[in-house]
Structure formats: structure tokens, C-alpha cells
Amino acid sequence: MIHAVLIFNTSGVARLTKFYSTLHRSSQTLVHQIFSLVSTRAPGLCNFLDAPELESFLTAQEADGEKLRVVYRNYATLYFVFVVDSAESELGILDLIQVFVESLDRTFENVCELDLVFHFDEVHHILSEVIQGGLVLETNVEEIDHQVQRAAKARKESFASANPLSLGSGVAGGGSRASGLSSLGWLTEKLAGVGTK
Amino acid sequence: MATNMRGLTQFIADIRGARVRELEEKRINKEMANIRKRFKDGNLDGYQKKKYVAKVIFTYILGYKVDVGHMEAVNLISSPKYSEKQIGYLAVTLLMHENSDFLRLVVNSIRKDLNDNNEISNCLALHAIANVGGQEMAEALAEDVHRLLISPTSPTFVRKKAALTLLRIYRKHPDVITAAEWALRIVSLMDDMDLGVVICVTSLVMAIAQDHLDAFAVCYTKAVDRLNKLVVEHEYSATYAYYKVPTPWLQVKLLRLLQYYPPSDDPTIQGVMYKVLETIMNNCAEPSRNVQHNNAQHAVLFEAISLAIHLDTNSPLVNTAAILLARFISSKETNVRYLGLDTMAQLAARTENLTAIKKHQGTIILSLRDKDISVRRRALDLLYSMCDTDNSELIVGELLRYLKVADYGLREEVVLKIAILTEKYASTYKWYVDTILELLSAAGDHVGEEVWYRVVQIVTNTEDLQAYAAKIVFEYLRSPSSHESLVKVGGYILGEYGHLIANEPGYSPMDQFQVLHSKSQFCAAPTRALLLSTYIKWVNVFPEIKPQLLNVFERYRHVLDVDLQQRACEFYALASRPEDDELLQNVCEEIPPFPARESALLGRLKTKGGDKSDTPLERASTTRKPIKKPTFPQPNGNGNATATNGNANDIASSLMGLEITSSSNGQSPSSQPDPSQTLAALAEKGLPMLTVGPNVDRWFDKLLHSAEGVLYEDVQIQIGVKSRYHGHLGQLAIYMGNKISAPLTSFTATLHVDNQDALSATFAKIAPSMIAPRTQSQQLVHVECKTAFTTPPILSVSFLAGSHQTIAVRLPIVLTKFVEHVKLGQADFFERWRLIGGPPREAQQIFPITLDESGHVDRNKQRQVVSGFNLNILDGLDPNPDNIVCAGILHMSTDGKVGCLMRLEPNREAKLCRITVRSTSEDVAAEVMKLILKPLKADPAS
């Protein structure tokens, strides 16, 4: 099972934290600890990390032998980190991170860190179409996007009915995005200078 | 969306603009105060509530503690507007946890949304339960969730979510799910057309099946069938191909599900599975250049290798796997190296033949120096798993060398592993002592007390070793810095056995004393106390250094530590007694060997005794667990702590990593003393409840003495049988016809054989998962009779046609089907008849018969029935023409051939008939009589 999904930037500021099992200690410390584990690793190293340090945070009392592994992937300025137990395939999770990022990209068109900041709710909605309760819900990017669109449409309709004057600004790829910000660019692996806040 | 709320966007922008943390906190506090006030004043419309709750969520995401907005979030959930509802649900799932009191307030809103006609509201509700649902929600909502899962009107995206939600409910509160009874219904969803649904349902099945292996047994076939479709037949929707790999997640899940079960012994399933695994391995023969494609393919491959190892470590597949793994551990890609080592450790833990792995020992040892700590860890685990008596010196030597450069976090584990391996695979005592002393000097801080206790025990119990150990430890102590544990071992061994080496140059009593005492000042009180004990022993054996020793005691009489002071005083008094006093000698008597206890683990060391604390072993067994996913609850490590040698085998086996799959036996039906035949009890064992109907028995009885006919029929389905037998083998063609104008989907056919050792019945291939409208599907069943059996196998068929149906009927496979005609002359027959003799090899019964219309015995019918049961009627043998005598030979593959003779003597006047069956096997005689008797007997009702 997936115990946590975290996104933080290269300065360690969390952009998304989602826990699927009850936390036993502060989430802030957990994020910091994972950040310090992950950020010190050189690019060529593997994407998996044994994390005995994290067990006190996440494992339930009865699961004594359960080993947690951190699977992470770095896209430009952001780290996508999944904390999983041994029931998940490491490479499978790596693929899942890719699916999640591709889904974000579908919705935000060239997603960048700012999208995650200003549209934090939407990011959560997308995540909820990929993972539910710590388990993989859907892996087909088409289908994920379809669901996200469906929800967005429903929201837009209810919003329009509430504010007859609203023009119902678009959902995907809003024009409000600050221009000049580079995207995550997982294909180009281009580093972008997005601020830490 | 957030951008639709200008206040929120402004808030986020402000916080981003804050240059330092203090400004950010100030801005947030201001906002929270404002929100608190707004909420207190009340009178907010939905939009405002939504906006403020969104701000609260954002603040929460930034990592601040928030204590407002819970109630408003609860209100938003019941809003009719989707945008407000969505934010409300988001807040509930983020701000609350399963024990939140607020959750009580949302149960009703969630139920309302679950039953809403709008599917996306269903989704929100399901998602909320799956994230924060606890016991209370499970009780209240399990039924609704289950309904959404199985309802034919639910769209696929609702069913997916419902499956995972049900899983959450099951995890939180297993009692609300009648797992065994829902099993077939849930498993049938694995045949869904939509792969998304299949992924989610497979997750659900995996979780429940772990606790109810037999009830969910049918999922094994489903999983194999699905893998076959995906991997071999390429039958899947194109959108589910992830970088050209058909839905790797589903493949991984299915492959893992199969590892929960003991290997199937059905040759058909084995064959298909073999093909699947082979194809997966071949697919990886040429690596592609696309990273994502490689990842996905390897994800599947590693799982396939695990399954191959699980199925049979000696199969050719595992050989192929070993070759692949060898390639992986020297791959350029770190991820692949990591997983290669991981999987190889799994193989090493399972297989008995380590040669394939040992070939790569050099590469593995090199991996200890990999630049990535994750890889180093895996290499360490693998070296530990692959160690045995042949390579222990080499591996332990490498580990010792590695210890000096190992990462700090890894050292403790390395030390533990060295200690265990050394003890487990020591070939000589000398090597053992050398290794452990080196370990103590290299990483004393990480070595537990038990390790040096053990050295002392072994040295004490092994006389040949004592002088050697004393010398070695003396050499270690001579080095400028030695670890305290080493000082303890030194103190103990030199005190006891120092005199053995005292005559050799360089080891004089004075040398020993000076070396040991020079370490004393760096040691803690307990170690010093131990040294004082050493000194008193020396007073006894080394009178020449007595003045120096007395001097030490004298000084220690004034230290503050109570223990030290007391020892010093006592020893001083003891040492000051007159020379001829015997007390000192008696006190310092050489210690006797430690009591001998036999321990399986320590057997290799052939020590005479010594009980080792279980702690390191136990810790070892916990460190070994993660090498394979913990599929079943394992024996709790703590349980071993109190036990001593009785469970040494358990410890040893858990060390070997054998805990992985063996537990499945615990649930097999035979070991469950559950006589109750209730549906739930049967379902738990994976057995179907027999279908009853007016004709079911009649169809079955008729088929017992005819080769073909109808086995079952209702408005939807017709099942017919044609059979052919030859010797102990048989072949049944089962025709399953769909009588309605809609397809029968999720079609599943399973055979249940009571006693696998007596009779085997298997499908020639896996049944199709769908039968098209008004068509027929034919399934071949291979039957083999091994020994005499009494219970016919049960065929259970389940399918979806509107609702989920299960039909379970007995197959007409009985003992007489394996009987073949035999021709006997009169003399032969009666000769044999006499030879077999009376009971117990004879079964006899008198039973009532009905006469035909003309008042005669219905001879034709009797002859027909008897020959239907494959007995050869021998005319003209019996002096009475009314009687029927016949003979046959029963073929069984294990028990061989058994002759069978029968005589039927009707009596018209009494309307009675006597049947006598004689056979060389008493079981056969009774069973054959029972079978033939039934159709001949008059129906008591008529």
C-alpha cells in the first residue's frame, strides 16, 4: 500500500502532502526528514531508498516487520516522493509517479510548480483519481483526465448557477499563469528557477 | 477551482510574497483570525464558506496547525452545489482522520451522496470513506458501498472506487464484510471488460483472499486466465498500454496474487502459467531504449521471477531467471542493479542449490562498494542469504573488511550479520574466535553483549582453544586502543587461562598484568569490576605479581562506586590471608564448562554446550523478513524470546526465510475441523452448496449408467455431459449452453474433488469467461481414477446474467465408470466366486422391487442397468435363468486392477431381490453394490 504521497521542491518546501495511513508524528518533521534523505542523493543513484528512520511515523502498532521504502523521482525543481510498503512493486510505483505527472500535465498543460501552488485543490482532485485510500485506482492517463474533466464540468456548472454573472473561467490551462515560468520539463530535465515560496 | 476565488488567490500570492517566515506567519495568523471571526458571526453563504475553507486547507497544506473550519467543511458536504461539496470533501479528507469526532456528523451526508443519482457525487462519497473511514463508517456504509460495487447500473468509474472503498472498510472492520459469501460475486468482477475495474477489484481480492484463501480460491484461475489474455494473447484495450506494456500494474498485482497461494497442481493451469512467465521473460531479452518502457517491463519481470521462484525453485524458468538476474546485478542502471540484488536474495533464501548464485559472488561483493547506499544494503542482504559453509570464510572476511568502511547506519546490521554467519557456519573454533575478536576490535560499539558472552562460553567449553584464545586476545590488548568489549573478553580469558601461556616469552604474568591494567582507566565501572575479578584469580596462579595486585585492591578500597569498593575490600581480605590458606584456591577454582544443550542452530559448531541468548537471532529473523513481502502473519519474533532450544528449528527456519509461503496449509479444508455444512462454512472452505431441484438427482442417477445426457437445466443454462472411459482414464465433454438472449458473463467453472489422492478431475483448458447468447461452450474434463473413491466430484458454475448465479452439481463420475467388461466361463466364474468368499469381501442386500404391468420381474430393465454399470452379463452361467450374473474389472492407476463379480436373484412372489457383489477389495464390493442397487430398488413412494 502507498502510505504517503509528497511533492516538495528542491528547497524542501512541501507542495503536496497526502497521507493514507494515520501519522504518528508531525507531518512537517516527516517531510523534512524525507527531504534530507532524498535531496542529498546524486542524480545517478537509484530511485529507491530504504527508510528505517521513517517507520515510527507511519507504521501501525501491529505491523512490526513492515519495511517502508521511499520511491522518488525528480522533475526539474520538484521531487515526487511516494512512501510505500513491501506490497508494492518499486518499479510499478515509479511508473505511477510518471502517470501522475502526465495527468497533471494534461490538466495544466506544461505543468510547473506554480500550478501546484495556486491550484492545490485541483492537484488533490487529480491525485484522488490516481490513488484512492493508498491503492492504485486508475493508471490510464486518458481515463484519469476524463474523470478530472467530468468533475471540472460539474463544478463549473454549479459555479455558473451560483454566479450568473461569472463567465466561468476555464478549468484547464488557465490564462492566469505567469508567463516565462518554465515547465517541469521531464523530457528536457531543464532546471527552472522558480522561487521557493 | 481556486482561481475562481479571488480572495484565495490574493491570500496565496501574499504568502508567496512573504520574504521571511515571520511575515508569512503574520499573514496567516491575520487570515485565520479573520476566518474565525467570520465563522463565528455566521450568516455566510455557500460561496464564502467555500472560500474560507479553501484558505484553511491551503494553510494546512503549508504545514500550519489549523483548528477552524471543520464544522463548515461538514456543512459544505451537504451543499447541493458540486463546487462547494467538492471543497467540503477535500477539507474532510485532509483535516480529519478516522477517529475525528466530526466524522460522525458526515455519515448521513455521505450515505445520501452514495445513494445519489449523480455518479460524481457517489465518487466523492466513496473517496471520503476510502480516505478517512473508520470502524463506525464501515458499519454504517458497508452495504451501500457493496451495492455500488455489484450493481449492474454503476458506471465503471464508480465501481472502481467502490472496490477500493470496500477494501478500506475491510481493513478497518473485517467483520462487516461477509467475505466468504461475497467471494464468488467479488471474484466474478475480475472478468470485467474494463481493465480499470479489474485493477481495483484485484486489489480488493488480494486483501481479502489473504485471510480467506480457500473461499477465494477461484481467483487463482481468473488471475492466470487474465495474465494469459494480457501477455500471450494481447487482448486488452489500447489505452491501457503503458509505454507499450499492457497495464503493468495489473500484471504485477496478478503475479503477486498468485504468490499468495500454494502452487496449483492442475496441469492445465500450470501449463498456461508457464507460458505466461516464459513470455514475460522472453519479452525482456532485448532491453529497449525508452526508460519508461524498460521500467514497466522490468516491474513485471521482477514480479514474474518472484512467482517462478515461488512455484518451483528447480524449474527451467528459474534457471532462465538466474541468468537474467546475473545480468541485472551488473547493469548500468542503478534501479535494475538494486532490484536484481533484491530478487536474487529472494532466490537465495528459497532455493537449496546456491551454485547459480555463487557464480556471481565476485560481482555481489563488488556491489558492497556501490556508490548507492540502497544498492549496498541489498548486496549485504544477498551476501547474508547466500552464505553457507563453503563460502562463509570468504563472505565473512569480505564483510569484516567492509565493516571498516561501511556507512554508519549500516554498521549495526553488518555486525549482526557477521556474528550470526560466523556462529552458523563456523568450520573451526579458531576461525570463530579470530573472527569475533576482529569484529569486536573493528566495531565494538555495534556489537551486542551476547556476542562476547558467546566467545567466552565457547572458549570455556573447548579445552584446545583456551591457550590459543588467551594468546590472541593478549595480542589484541597490546594494540594501543582496544574496545571495551575486547577488554572484557581479555579480562575473562586471561584470568581463567592466562596461566597457560605465562611461560612463553612475552606473555609473562607481569606482561599480562601491565597490558590489561593499562586499559582499566579507560573503562566503565562494570568492566573494572570484571578486571578486579581477574586480578583475584591471578593472585591465586601468579604469586609473583601479588604485591602489584594487592596494591590495586588497596587503591580500589577507596573508590566511590559501591560495587567496585565492595569487590576491592573482599578481594583484598581474601588475598591477604596466609599463604597456606585453602579458601583462595577454592574460590578461584577453574570454572566448569557451561551446561551442554543441543541446539540445531549451533550444531555445526559442535560445541559441548552454551546457551546463547536468542536476541540476536531473533533480531536477525526480523531483519530477514523484508526480503520478501510479508504475505501472511508471521510467527511473532517476541514469541521466541522466552523459549530456549525447543524452537531452535523455528528460529533456524525463519532465518532461512522459509516463512514466506508455508502458512497456507493452515487453511486447507482438511485441517479445519468444521463439521457444520452451513453455506458460510462451506463458502469459507471454497466449496459450493449443491444446487437442489426436482430433476437434479434424477439427471444425475440416469447418467450414472449411461454415457451421455442432460446434467442440469434451467431457464438460463443447460449443462450436458458426454463421457468416454478407457481403463483408469476418462474424458468428459461438458456442454454448457446459454439459453437466453444475453451473454453469460464472468463465467467460471470449477471442479471440486473430495479426495485428490483417489480421483483427479481437471479441465483441459481454462473455461471461457463469457458464453455468447444462444450458444454452447464445450469443456473437456480429464479424469483419472487412482484408488477406490465414494464421492463424485462437484462441478460448480457461476456467471452473471442480470444477477450473479451459482450452480453446483455432482458430476456422474463414480467407481463403476472405470469398470471394463470381462468374459468368464462358468467354471472360472464360480471358481473365483468361491475364492473371494463371504464378508468382508462380499456385500449383500435384499431389497424390494416393482414388477412390470404383466406382473413379471422387469428383466430387461435390470439387464440394462447392470450393463450400464459396465458389468458384463454372463448368460447361461447360473442354473436359474431369472438370475443375472456378471463380471467386470475395475482399473485404478495406483491400486491396479480389481475384479468384481455380481449376482442378482429376483423373487417374483415376494417382490424382493437379492444382490451380492464379491470383489477382491472390500471397499469396491460395497461401493459397487450401493451404486447398482439404487436404480433397481423399488421407489418406496410408488
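Chain B of this predicted model has a secondary structure of 39 helices and 16 strands. Chain B holds 942 residues, and 56% of them count as buried. Its accessible surface comes to about 40,300 Å², and carbon and sulfur atoms account for 51% of that area. Among contacts in chain B with a separation of 6 or more, 68% are between residues 24 or more positions apart.

**Salt bridges**

Side chains of opposite charge can pair when their charged atoms come close. Over all chains, the count of salt bridges comes to 49.

| Pair | N to O distance | Burial |
|---|---|---|
| B:Asp372 and A:Arg41 | 2.7 Å | B:Asp372 buried, 0% relative accessibility; A:Arg41 buried, 10% relative accessibility |
| B:Glu31 and B:Lys55 | 2.8 Å | B:Glu31 buried, 5% relative accessibility; B:Lys55 buried, relative accessible area of 6% |
| B:Glu905 and B:Arg903 | 4.0 Å | both buried |

The side chains of B:Asp372 and A:Arg41 meet in a salt bridge. B:Asp372 lies in the loop between helix H19 (361-367) and helix H20 (373-386) of chain B, while A:Arg41 lies in the loop between helix H1 (27-39) and strand E3 (48-50) of chain A, so this pair joins two chains.

A salt bridge also links B:Glu31 with B:Lys55. Here B:Glu31 belongs to helix H2 (residues 21-41) and B:Lys55 to helix H3 (residues 46-61), both of chain B, so the pair ties together parts that are 24 residues apart in sequence.

**A negative patch on the surface**

On the surface, B:Glu463, B:Asp464, B:Glu589 and B:Glu590 gather in a patch of negative charge. One of these residues, B:Glu589, is found in the loop between helix H31 (583-587) and helix H32 (615-624) of chain B. B:Glu589 has a relative accessible area of 53% and is therefore exposed, the cut-off being over 50%.

Helix H16 (residues 316-329) of chain B contains B:Ala326. With a relative accessible area of 13%, B:Ala326 is buried, because buried means under 20%. Leaving aside residues up to four places away in sequence, B:Ala326 touches B:Met344 and B:His360. B:Thr363 is 37 residues from B:Ala326 along the chain, and the C-alpha atoms of these two residues are separated by 8.9 Å.

**Positive phi in two lysines**

B:Lys244 is not a glycine, yet its phi is positive, at about 70°. B:Lys244 sits in the loop between strand E1 (241-242) and strand E2 (245-246) of chain B, and at 74% relative accessibility B:Lys244 counts as exposed.

B:Lys911, also a residue other than glycine, has a positive phi near 55°. The place of B:Lys911 is in the loop between strand E15 (896-907) and strand E16 (912-919) of chain B. At 47% relative accessibility, B:Lys911 counts as partly exposed, because this value falls between the 20% cut-off for buried and the 50% cut-off for exposed.

Key:
Residues numbered from 1 in each chain as written. Chains lettered and ligands numbered in written order. Predicted model: local features only at pLDDT ≥ 70, side-chain atom pairs only at ≥ 80, totals over all residues. Heavy atoms only, no water. Patch = residues over 30% accessible without salt bridge, like charges linked within 9 Å, V, L, I, M, F, W, Y side chains within 5 Å. Areas by Shrake-Rupley, 256 points an atom, 1.4 Å probe, with all protein chains shown as cover. Lys, Arg positive; Asp, Glu negative; His and termini not counted. Charge placed at Lys NZ, Arg CZ, Asp CG, Glu CD. Helix = DSSP H or I, 4+ residues; strand = E, 2+ residues; numbered from the N terminus. Buried < 20%, exposed > 50% of the residue type's maximum accessible area, 1.4 Å probe, protein only. Contact = heavy atoms within 4.5 Å.
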